[in-house]
Amino acid sequence: MTQLDEQRGERTRAGVPRPRRGSGGTPRAVPGRHRPGHVSTWLAAPSLAGLALMLVYPTLFVVALAVTKSSLARPLQRFTGTENFVDAWESLAFAGSLVRSVVFAVVAALAATLIGVLLALLLHARGTRFGVVGTILLLPLVTPPVMVGVAWKLMLAPVGGAFGGLFSVLGFPGANPLGDSVGAFSALVVMHVWQWTPLVTLLVFAALLGVPEELREAAALDGAGAFRSFTNVVWPVIAPNVFSVLLLELVIGLKVFDLVTVVTQGGPGVSTIVSSFEIFRTGMRGSYEIGTAAAETLVFGLVVGVLTTVVTLLRARAVKADQ
């Protein structure tokens with residue numbers, strides 16, 4: 001009996017079937033069995049159903065509103081095609097709100113990211129623990145936006161405000177930033193940056209913990225100073241994370257609504273009316289033109305997509321450079 005016959009006999013006695021092999025010698029998949037790492041469609045069905053319910057259906061409904069004559073009381077009255085999009089495009093108020101939204105989001109995102117990175121570097125220089133100081137820095141992040149707006153509005157009040165004395169010392173007694181177009185817009189940017197900078201600090205601090213210590217030590221042995229060590233060692237590692245945080249801050253800035261509603265109501269004039277507030281005014285105030293508001297929402301979503309794509313490409317370049 002050959003050695004091959006003996007092996008066949010051992011498999012038969014053990015009751016273990018011999019696996020079928022393909023032409024390349026690899027085992028063939030057994031029908032009815034799942035490959036390792038393969039997730040059954042039935043297991044993913046609840047997640048897919050939830051995604052369809054929470055994302056696909058509302059999106060399709062907004063599109064349906066945008067191409068029909070719709071009001072708050074009577075939605076989907078009749079098909080109008082691109083009429084609502086033309087109204088949105090010709091609206092000077094909406095066009096101006098798009099510009100203000102982009103300016104607000106870009107300036108606030110860049111400022112919050114820059115300040116947050118600096119704070120994270122200072123905290124990391126103290127050690128690898130976030131500590132009490134870091135916890136205190138997180139307080140604006142956990143404060144509701146409505147309370148942030150109310151608190152800052154009281155502090156900026158020309159009479160009895162907390163900044164009244166500071167304005168007097170600087171030579172601007174009775175100054176009212178919220179009464180001026182540029183001042184009100186700038187004040188909203190400052191409020192937004194104050195609230196969301198701690199998020200950048202927290203995420204960048206976590207990224208700094210992932211920088212290999214041996215790279216820092218090697219840079220120090222080569223005589224690199226703090227600045228060169230950051231640009232040549234730390235930044236290439238944390239750059240993808242920083243761009244991800246910048247993208248998050250940009251989206252948060254584009255969807256700002258609470259501060260505008262609580263602090264300025266879009267004023268003075270139309271100086272602080274951003275797209276989210278203008279869409280709210282179109283659909284929920286005055287004529288209640290839900291169809292036009294839906295069209296404005298889709299146009300605004302397109303603008304958001306363009307901006308986020310730019311930041312995503314920058315992040316991809318940072319990741320490629322790190323590799």
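These legends walk through a few close-up views of a predicted protein model. Residues are numbered from 1 along each chain as its sequence is written, and side-chain values use heavy atoms, with hydrogens and water left out. Because this is a predicted model, local features need pLDDT of at least 70 and side-chain atom pairs count only at pLDDT 80 or more, while totals for chains, interfaces and linings use all residues.

**View 1. The whole chain, before zooming in.**
Of its 323 residues, 34% are buried, meaning under 20% relative accessible area, with exposed being over 50% and partly exposed in between (1.4 Å probe, protein chains only). Look at contacts with a separation of 6 or more, and 66% of them join residues 24 or more positions apart; a contact means heavy atoms within 4.5 Å. The chain exposes about 19,600 Å², and carbon and sulfur atoms supply 68% of that. Accessible areas come from the Shrake-Rupley method with a 1.4 Å probe, and for residues only the protein chains shown count as cover.

**View 2**
Leucine 51 sits in helix H2, residues 41–66, and is partly exposed at 46% relative accessible area.

The structure holds two salt bridges, each a side-chain nitrogen of Lys or Arg within 4 Å of a carboxyl oxygen of Asp or Glu. In this one, glutamate 289 pairs with lysine 69, with the closest N and O atoms 3.5 Å apart. The partners are 220 residues apart: glutamate 289 is in the loop between helix H13 (275–284) and helix H14 (290–322), and lysine 69 is in strand E1 (residues 68–69). Glutamate 289 is partly exposed at 24% relative accessibility, and lysine 69 is partly exposed at 30%.

Glutamate 278 and arginine 281 meet through their side chains, 2.9 Å from N to O. Both lie in helix H13, three residues apart, or about one turn of the helix. Glutamate 278 is buried at 5% relative accessibility, whereas arginine 281 is partly exposed at 30%.

Terms used: Helix = DSSP H or I, 4+ residues; strand = E, 2+ residues; numbered from the N terminus.
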